[in-house]
Amino acid sequence: MGPVAQDFDESFKPKGTWAFVTGFAVMLFILWFSVYLLVLSRGITI
Amino acid sequence: MTDDTDSQDASAQDPADESPWPDGVVEADETFHSEESADPPDKLVEPDEHVHIDAYEKNWIRIAIATLILFFIAVLFAGLALGIQVPSDEGRVDPNTLAETPPWSEPGLRTIVEGEEYDMYIVASRFSFDPNQVAVPRGATVNIYSTSSDVQHGFILRDTNVNMMVIPGQVSKLSAKFDKVGTFDFVCQEYCGLGHAVMFGQIVVEEPVEGE
C-alpha cells in the first residue's frame, strides 16, 4: 500500500483566497473612491 | 412464599444497584464522566475555546471594520467640510392651488444679490419645467427650489451634484455655485409618463457684464 494521505497540511497557506479577497477589496476601493472623487469634483451643493 | 417475597424485596433495595436501567445501559452522566477522562468534568471545556476565531478571519474582520470607518469619515468630510449636501425639505405647498400660491404662481429667477446669488423657483408638471431656461452670471450661487403640480418628478443638473426628487406637496431645495461658463442641462430623472423623455431645460452660465 502507498502512503496514507494526511487529513490536513499544517504548512498550507490559502494563497488563492488571499489573492481573490485582496483583489475584491482593491476593486471595492477603486470603485468607491472613483465615485467619491467624481462627486467631489462636481462641487458643493450647500 | 413469604420468604421468597422478602428476599426479592431485599435485593430490590440493595444500595449497590440503584440504577433504574437494565444491565448494560448507563446514564449519560456516567458516559460523560467516564473513567477515561483525565480531567474533572468542570474543566473539560474552557469557555474561551467556544469563541476561537482563526487568525485570517480576525485580520479580515479588522480590515472590514477599518474600511467602514474610512468610508464613514470620507462621507463626513464631504458633507461637513466640503458642503456637499443632500436635498433638504423646505416646506409644504398645496399642489392643487400651486398656480395661486406665490412664489409658485410666478416661477423663475429672483435676484438676491446681483451677480452673486439668485433664487430659482421651478415647477415640474407633465411634461415640462417652468421655467425651462434661465441665465445666470458666472460665479453666481443659485438656490434651486422645486415642486410638482401633479405627479412625482425628478431634477438632475448635469455636471453638478444637484439631484433631487420633485414631489407634489413638498418643496425641495439645493444650491449650486456656477464657476464655469456654459450650458447646464437639467432633465427629469423620475419616469413620469409618456412625455418623460422630453422633459428638460437649461441653466445658461454667462460671463458677467462689465459694470454690474
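Tutor: We begin with pairing: two strands pair if DSSP finds at least two bridges between them. Strands (E, at least two residues) and helices (H or I, at least four) are DSSP runs, numbered from the N terminus. This is a predicted model, in which local features need pLDDT of at least 70 and side-chain atom pairs count only at pLDDT 80 or more, whereas totals for chains, interfaces and linings use all residues. Residues are numbered from 1 along each chain as its sequence is written, and chains are lettered from A and ligands numbered from 1 in the order in which they are written.

Student: What makes β7(B) and β8(B) a pair?

Tutor: Four bridges join β7(B) to β8(B), and the definition asks for at least two. The two strands run antiparallel. Within β8(B), B:Met165 stands opposite B:Gly154.

Student: Why are β5 and β8 of chain B said to stand at the edges of the sheet?

Tutor: The open sheet has five strands in the order β5-β11-β10-β7-β8 (chain B), with mixed pairing. Each of β5 (133–137) and β8 has a single partner strand, so one side of each lacks a neighbour in the sheet.

Student: Why is α1(A) called roughly parallel to α3(B)?

Tutor: Axes are lines fitted to C-alpha atoms, for helices over the stretch in contact, and angles run from 0 to 180 degrees between N-to-C directions. Angles under 35 degrees count as roughly parallel, over 145 as roughly antiparallel, 65 to 115 as roughly perpendicular and the rest as oblique. The axes of α1 (residues 15–41) of chain A and α3 (residues 55–81) of chain B cross at roughly 5° and come within 12 Å. The helices are therefore roughly parallel.

Student: Which residues of α1(A) and α3(B) make this contact?

Tutor: Contact requires C-beta atoms, placed from the backbone, within 7 Å. Among the residues involved are A:Trp32 and A:Tyr36 of α1(A), with B:Trp60 and B:Phe71 of α3(B).

Student: What makes a set of residues a nonpolar core?

Tutor: Such a core is a set of buried Ala, Val, Leu, Ile, Met, Phe, Trp, Tyr and Cys residues joined through C-beta atoms within 7 Å. A residue is buried if 20 or more other C-beta atoms lie within 10 Å of its own, exposed if 12 or fewer, and partly exposed in between. The largest nonpolar core has 27 residues, and B:Ala124, B:Val136 and B:Val142 have the most contacts inside it. Its largest share, five residues, comes from β3(B). By the burial criterion, 2% of the 46 residues of chain A count as buried.

Methods:
Two residues are in contact if their C-beta atoms, placed from the backbone, lie within 7 Å.
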